[in-house]
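Hi,

Here is the structure I said I would pass on. Have a look first, and my notes follow below.

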Amino acid sequence: MCRTAVQRVIDPVGPHRLTGKVVEGFKRGSKQLGWPTANLDPAAFESRFDASTEGVYVGWAAIRDPTLPEEAQAVHKAVLSMGWNPTYTDVKQRTVEAYLCHDFCGRDFYGAEMRLMICAFLRSNVKFDSFDELIQAITDDVEFGQRALDGAELAPLQRDPFFSSDTSAG
């Protein structure tokens, strides 16, 4: 098996604060890859980012859904992909797909507001030769990203007023 080389860095950005609805994606994250993601409505990001910003990032995210348990509404670590998902050929629109590092017990929250703060770039998007390689890369991204978010520069952003205010930031 030929493994695609993936180089990860912690390159702080922004932070960029995005607010939008969680929309349905291709439903591959949890079903095919084992990593459920919350897809941000493209209206929340499409005018703010161009092709040069595509890649894998880390940040913090909160789902504003009063039907979720209180701990599920907290601010969670997030590892996200922004771009065209090059391993798949059926993607017609750029996506921001965030894996929130919390067990939501299989619960969907389509239509709920997500506040997403993008804090650091990890790596470029890569086309993988197999789903096994993609799954391993996502696993490594999540482990690396969680450690990055524990660092002195990124950890304090979990308490950013963006997550507690009643207004959204653009």
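How many helices and strands are there in the protein chain? There are one helix and six strands, where helices (H or I, at least four residues) and strands (E, at least two) are DSSP runs numbered from the N terminus. Reading from the N terminus, the order is β-β-β-β-β-β-α.

Before the details, a note on the source: this is a predicted model, so local features need pLDDT of at least 70 and side-chain atom pairs count only at pLDDT 80 or more, while totals for chains, interfaces and linings use all residues. Residues are numbered from 1 along each chain as its sequence is written, and side-chain values use heavy atoms, with hydrogens and water left out.

For the chain as a whole, 46% of the 170 residues count as buried. Take the contacts (heavy atoms within 4.5 Å) between residues at least 6 apart in sequence: 76% of them join residues at least 24 apart. The accessible surface comes to about 8,700 Å², and 51% of that belongs to carbon and sulfur atoms (Shrake-Rupley method, 1.4 Å probe).

Cheers

Conventions. Buried means under 20% relative accessible area, exposed over 50%, partly exposed in between (1.4 Å probe, protein chains only).
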